Amino acid sequence: QPQSVEEKIMFSVCKSLVFVLVGLLFAVAAEARTPSSAVQEKVGELGFKIGSETEVIPGRLMSERTWVDKRHIIVPGTDDRSYLVRFYQSCQGTKTKRMLPRSNKKAGQITRYDRYAPVHEGSNIAICQIWNIYELEPN
């Protein structure tokens, strides 16, 4: 515990800085989970608006998808909904015809952190890991 007035002031300032830093970290983390305005605009052009984040797309494989950009695709679910899939980083090959599962948690479903390998002319291009999944609502 601080004893002198100077120590009390320094202690108070340090506590305040910690709270500010924690708040900034939460703000950055929240921003990182939100698709950019460019992605939101593109999804809007495709007839959707981005809803809440979810962990799973029920009963689907990556065979049916709509390309948004190198980091985002839209995948239909078996529940008559569509979902925005956001990869951890830019995923080369999201426009290829096939994306093979490399580490899926649940067979026949797409879940957060699953990894896929786009296949182009018979060879794998890269491994693409799912970072976020968002439910889409009709625009």
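## Overall layout

Helices and strands here are DSSP runs, numbered from the N terminus: a helix (H or I) has at least four residues and a strand (E) at least two. With that in hand, the order of elements along the sequence of this predicted model reads α-α-β-β-β-β-β-β-β-β-β-β. In total, the chain has two helices and ten strands.

## Contacts and surface

Let's turn to how the chain packs. Of the contacts with a separation of 6 or more, 52% are between residues 24 or more positions apart. Buried residues account for 28% of the chain's 139 residues.

## The disulfide

The structure contains one disulfide. C91 and C128 are the partners, with an S to S distance of 1.7 Å. The angle about the S-S bond is 80°, and the link is right-handed. The two cysteines sit 37 residues apart, so to speak in distant parts of the chain: C91 lies in the loop between β5 (82-87) and β6 (98-103), while C128 belongs to strand β10 (residues 128-138).

Terms used: Residues numbered from 1 in each chain as written. Predicted model: local features only at pLDDT ≥ 70, side-chain atom pairs only at ≥ 80, totals over all residues. Heavy atoms only, no water. Disulfide = S-S within 2.5 Å. Buried < 20%, exposed > 50% of the residue type's maximum accessible area, 1.4 Å probe, protein only. Contact = heavy atoms within 4.5 Å.
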